[in-house]
Amino acid sequence: MSELVSVSDHLARILDAIEPLPVYEQALIETLGLTAAEDVAAPMPLPAFDNSAMDGYAVDAQDVATASEDQPIHLPVVGEIGAGQARLLAMSPGTAVKIMTGAPVPQGCTAVVPYEWTDRGVAQVRITQAPKPGQHIRRAGEDVQTGDLVVSEGTVIGPRHLGLLAAVGKAGVMSRPRPRVVVMSTGSELRDPGVALGHDSVYDANSFMLAAAVKAAGGIAYRVASVPDDAHSFVEALGDQLVRADIVVTSGGVSAGDYDVVKEALSKLGTVWFGGVAMQPGKPQGFGVVGDDETPIFTLPGNPVSAYVSFMTFVLPAIRKLAGRRPFIRPARTARITHGLTSIEGKTQFVRASYDASVATPVGGHGSHLIGDLAESNAFIVLPREVTRVAPGDSVHVVLLDEDV
Ligand code: AMP
Ligand code: MG
């Protein structure tokens, strides 16, 4: 039996071979979920100009300093300023100007009297409460100043970043595109959901699951209909897909069976490594490059749980690296395990689990075909190679499957 490669060595080899995608400027609306590839400094302050925080009257605070219910002050209303219409740029002492929220305050205005403190007069306004100097005026630059860092390189752009970038007038951001991932299932027994199954066929779960996992990781997934166990068909289908792939992920056909065509077809190229990784599930793995552009290819085992564990362990970090997203390897957490477990010495064990509030409960059995158990879990407990047993209450490493970090 040939030597097994450790999970960390295999992953290191993969990450060595993957280069982040080139950066380009993308339209702001397209950048949700992308990694910023530049520090964006505010080209302007926010607010951009002094403006009113209320609907009311612009005044000079001195003119109304003594206003009260008993001794109201009356001022002539000499104009009106709405948001987006700043015709009146200055006001004289002893006057008031009607002003709407967000409208620029005219020169000479040192406070805004909200409607609630007035009779809402049109030609003349009756003011019954005195604003403090500066009250109800939003000052230019009080939120963001020109040159402030609004998004730093490496930030995964979210809705609030988009809001801020738009507010400072950025129409685009230098960022890395979404990695394009071709997902292919292999197996003559596979059928698409929605068609009738023969007694010897199974529905193709992997290509749906892996394509969804690609999207969840921020990639673009191209799911290819399953390919039969025939080397010629596989090579042809693969060749057709390379043009749109930053990476290719296949499942099935890499064990030592008679019909393991992925291995059979790609071994001949000499550019794809096939071998065993010291993990359970997910031992048979392949990784290398194919085609003129040397497109990285991951050949994952076919059992759905093995395929998913392999994806989360090897493909996800690669997608993150392509996208410039750090850390490439999502950090594990620690949790208390509720039940005891045994594990084979020399293999990293990935145990399906449900995780909540630092407690991990193993879910279901060991079999790598148990996709029902997989769907019930939200975490893997990862038992390192040297660990052979854990007891209830022990501290274990846990990888959360849906965590967006
Ligand atoms: P293989 O790695 O091709 O030997 O497949 C191992 C097991 O996983 C077999 O029972 C396959 O039928 C099953 N399998 C392979 N690919 C898929 C798939 N895309 N969806 C569901 N089961 C699969
Ligand atoms: Mg197969």
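Colleague: Which exposed residues does the face of α1 turned away from its buried side carry?
Modeller: Ser 8, Asp 9 and Asp 16. Exposed means over 50% relative accessible area, buried under 20%, and partly exposed in between, with a 1.4 Å probe and protein chains only. This is a predicted model, where local features need pLDDT of at least 70, side-chain atom pairs count only at pLDDT 80 or more, and totals for chains, interfaces and linings use all residues. Residues are numbered from 1 along each chain as its sequence is written, chains are lettered from A and ligands numbered from 1 in the order written, and side-chain values use heavy atoms, without hydrogens and water.

Colleague: And which residues of α1 are buried?
Modeller: Val 7, His 10, Leu 11, Ile 14 and Leu 15. They line one face of the helix, because seen down the axis of α1 they fall within an arc of 130 degrees (taken from the directions from the helix axis to the C-beta atoms).

Colleague: What do they pack against?
Modeller: Among others, β17, β19, β20 and α6; contact means heavy atoms within 4.5 Å. Helices (H or I, at least four residues) and strands (E, at least two) are DSSP runs, numbered from the N terminus.

Colleague: Switching to the sheet, what is the strand order?
Modeller: The open sheet of 6 strands runs β15-β12-β16-β20-β19-β17, with mixed pairing. Pairing takes at least two DSSP bridges between two strands. β15 and β17 stand at the edges with a single partner strand each, so one side of each lacks a neighbour in the sheet.

Colleague: How many bridges do β12 and β15 have?
Modeller: They pair in the parallel sense over 6 bridges. Thr 186 stands opposite Val 227 in β15.
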